[in-house]
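Please examine the sequence and the three-dimensional structure shown below.

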Amino acid sequence: MLIRRASPDDLPLIRALEQQAETAAHWASREYDALFSPDAPRRVALVAADESSAPHLHGFVLARCGVGEWEIENVVVAKEQRQRGLGAALVGALLGLAREAAVTSVLLEVRQSNIAARKLYEKLGFSEIGRRPGYYREPPEDALILKISISVP
Ligand SMILES: CC(C)(COP(=O)(O)OP(=O)(O)OC[C@H]1O[C@@H](n2cnc3c(N)ncnc32)[C@H](O)[C@@H]1OP(=O)(O)O)[C@@H](O)C(=O)NCCC(=O)NCCS
């Protein structure tokens, strides 16, 4: 399995993974289609790909790149591949790129009830810096704001 940058050809498989994950952030197809357009906000998208046979994705992570600060917008691992370290590998690879880009912090929002995601981020060193009451819909729920500070080598 290889973690690499996503390409436009990966978009159908990225969308399929996202749609199978109830707790993932859900985007409209036009938002995915715009990911690689020249005037889109700068983002990093990484995929965990199995390229030994037919192209197959086991997970992805997507982040928006601001000046000095990145925001993780989504991370999904295929159900059959969970709890084997792949989520940590994907987010860890993203943090490595952030460090190389001299980014000082990476932020994200997560549903309070999303224990799997919270454990993943906690393991990687994120800590809670705030809460947005009632931020999520269907069902309504608070968002926790998590952050990791990155030390530049
Ligand atoms: C969140 C998600 C990406 C985690 O991926 P993963 O590949 O299973 O995570 P990892 O195997 O790297 O696990 C990282 C840590 O989280 C813990 N963890 C993962 N899933 C867990 C679960 N269901 N319950 C408790 N802890 C869990 C692992 O045990 C591990 O900690 P450890 O090393 O101390 O054991 C995956 O569950 C997922 O795709 N969920 C649906 C989409 C989603 O909710 N995304 C987050 C949006 S903010």
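W27 and Y32 are both buried, where buried means under 20% relative accessible area, exposed over 50% and partly exposed in between (1.4 Å probe, protein chains only). Their ring centres lie 5.2 Å apart with the planes at 40°, so this pair is tilted. Y121 and F126 are likewise both buried. The rings of Y121 and F126 have centres 5.5 Å apart and planes at 65°, so this pair is edge-to-face. Rings of Phe, Tyr and Trp (its six-membered ring) are counted as a pair if their centres lie within 6.5 Å; planes under 30 degrees apart are stacked, over 60 edge-to-face, and the rest tilted. The count by this rule is 3 aromatic pairs.

The model is predicted: local features need pLDDT of at least 70 and side-chain atom pairs count only at pLDDT 80 or more, while totals for chains, interfaces and linings use all residues. Residues are numbered from 1 along each chain as its sequence is written, and side-chain values use heavy atoms, with hydrogens and water left out.

In soluble globular proteins, nonpolar side chains tend to be buried together. Here the largest nonpolar core has 30 residues, and those with the most contacts inside it are W70, I72, V91, V106, Y121 and F126. Such a core is a set of buried Ala, Val, Leu, Ile, Met, Phe, Trp, Tyr and Cys residues joined through side-chain atoms within 4.5 Å. Elements giving two or more residues to this core include β2 (43-50), β3 (56-65) and β7. The most, 8 residues, come from α3. Helices (H or I, at least four residues) and strands (E, at least two) are DSSP runs, numbered from the N terminus.

Of the 8 residues of β2, 6 are buried, so this strand is largely enclosed by the rest of the structure. The table lists strand pairs; two strands pair if DSSP finds at least two bridges between them.

| Strands | Bridges | Direction |
|---|---|---|
| β1 and β2 | 4 bridges | antiparallel |
| β2 and β3 | 8 bridges | antiparallel |
| β5 and β7 | 7 bridges | antiparallel |
| β6 and β7 | 6 bridges | antiparallel |

Within β2, A48 is the bridge partner of I3, and A48 also stands opposite G59 in β3. β2 and β3 form a hairpin with 5 residues between them. The hairpin of β6 and β7 has 4 residues between its strands, and E138 in the turn has a positive phi of about 50°. In β7, I148 is the bridge partner of V106, while A143 stands opposite R132.

The largest pocket has a volume of about 1200 Å³. Its lining comprises 38 residues, of which T23, V75, N114, A117 and Y121 are the closest to the centre. On a 1 Å grid over the protein atoms alone, a pocket is an open set of points with protein on both sides within 12 Å along at least five of seven lines, where a 1.4 Å probe fits; lining residues have an atom within 4 Å of a point. The volume is the space filled by probe spheres set on the points, which are joined across faces, edges and corners. The largest share of the lining, 7 residues, comes from β4. By class, the lining has 18 nonpolar, 9 polar and 11 charged residues; Asp, Glu, Lys and Arg count as charged, Ala, Val, Leu, Ile, Met, Phe, Trp, Tyr, Cys and Pro as nonpolar, and the others, Gly among them, as polar.
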